[in-house]
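Please keep the sequence and the three-dimensional picture side by side while you read. The paragraphs go from the whole chain down to single residues.

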Amino acid sequence: MNRILQPWSEDIVAAFEMTERLGFDFRSTDFLCGVDPLYAGLHSFEEAMGSRSYRSIAHTAFRIHASDKQTTVVLPHVEHWSVVVHELGHVLDERQGYRWLLPAVSDHAKLDRWEAFAEAFQTFVLGDEQPPGWSERYDVLMSWDRSPESIFQ
Ligand SMILES: [Zn+2]
């Protein structure tokens with residue numbers, strides 16, 4: 001299910017450009033922007049972590065969950081491009097067959113292995129240009145036994 005609206009396109013393109021610098025190509029990824037994914041019929045999972053709803057938060061519907069079997073990044077609201085990069089991390093994780101169990105680089109990463117992967121990927125893509133307060137994440141990533149380059153390929 002692919003629906004990209006103009007207000008979202010700038011951040012999606014920015015996320016593509018940031019990841020392409022590192023050799024990734026996510027341009028075949030579907031996006032569903034500005035609509036409740038349950039209403040659109042993409043999937044039927046409402047309850048997200050905490051008491052949040054997948055109707056209104058950024059997330060990625062994996063192939064096995066999407067009604068059309070297309071991995072889809074769902075952006076009900078316009079998000080900063082770094083959030084799009086996080087979602088593309090979920091896309092990469094699926095492409096790799098959920099192969100890695102990575103240490104958590106943030107509190108959100110402690111939720112589960114999927115969030116740990118996406119948060120680490122986001123940190124990797126932002127590199128040494130982390131937003132204020134995030135430099136610790138990059139230090140954690142760089143302290144791993146394995147190089148992030150060998151994981152995110
Ligand atoms: Zn996530």
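The structure is a predicted model, in which local features need pLDDT of at least 70 and side-chain atom pairs count only at pLDDT 80 or more, while totals for chains, interfaces and linings use all residues. Residues are numbered from 1 along each chain as its sequence is written.

The chain contains six helices and three strands, where helices (H or I, at least four residues) and strands (E, at least two) are DSSP runs, numbered from the N terminus. Read from the N terminus, these elements follow the order α-β-α-β-β-α-α-α-α. The radius of gyration of the chain is 15 Å, close to the 15 Å that the globule rule gives for 153 residues, so the chain is as compact as a globular protein of that length. Here the radius of gyration is taken over C-alpha atoms, and the globule rule is 2.2 Å times the number of residues to the power 0.38. The C-alpha trace spans about 45 × 30 × 30 Å along its principal axes.

Of the 153 residues, 33% count as buried. A residue is called buried if 20 or more other C-beta atoms lie within 10 Å of its own, exposed if 12 or fewer, and partly exposed in between, with the C-beta atoms placed from the backbone. Two residues are in contact if their C-beta atoms, placed from the backbone, lie within 7 Å. Among contacts between residues at least 6 apart in sequence, 57% join residues at least 24 apart.

Consider now the helix α3, which runs over residues 81-95. It has 15 residues and reaches 21 Å from its first C-alpha to its last, close to the 21 Å expected at 1.5 Å a residue; the expected span of a helix is 1.5 Å times one less than its number of residues. The buried residues of α3 are Val84, Val85, His86, Glu87, Leu88, Gly89, His90, Val91 and Asp93, and what covers them includes α1, β2, β3 and α4.

Leaving aside its neighbours within four places in sequence, Val84 is in contact with Asp11, Ile12, Ala15, Val73 and Glu79. The C-alpha atoms of Val84 and Trp8 are separated by 9.9 Å, although these residues are 76 residues apart along the chain.

The helix α4 has 14 residues, which at 1.5 Å a residue should span 20 Å, and its end C-alpha atoms are 20 Å apart, in agreement with that expectation. Because 11 of its 14 residues are buried, α4 is largely enclosed by the rest of the structure. Among these buried residues are Phe117, Phe121 and Phe124, and what covers the buried residues of α4 includes α1, α3, α5 and α6. The axes of α4 and α5 come within 10 Å and cross at roughly 100 degrees, and these two helices are therefore roughly perpendicular to each other. The contact is made by Ala120, Thr123 and Phe124 of α4 and Arg137, Tyr138 and Leu141 of α5.

Finally, the backbone angle phi deserves attention. Most residues other than glycine have a negative phi, and most peptide bonds are trans. Where does Lys69, whose phi is near 60 degrees, lie? Lys69 lies in the loop between β2 and β3, and it counts as exposed because it has 10 C-beta neighbours inside 10 Å. Tyr98, a residue other than glycine, also has a positive phi, near 55 degrees; Tyr98 is found in the loop between α3 and α4, and it is partly exposed, with 13 other C-beta atoms within 10 Å. The helix α3 is followed by Gly97, whose phi is positive, near 75 degrees, and α4 is followed by Gly127, whose phi is positive, near 60 degrees.

Definitions and conventions
Axes are lines fitted to C-alpha atoms, for helices over the stretch in contact, and angles run from 0 to 180 degrees between N-to-C directions. Angles under 35 degrees count as roughly parallel, over 145 as roughly antiparallel, 65 to 115 as roughly perpendicular and the rest as oblique.
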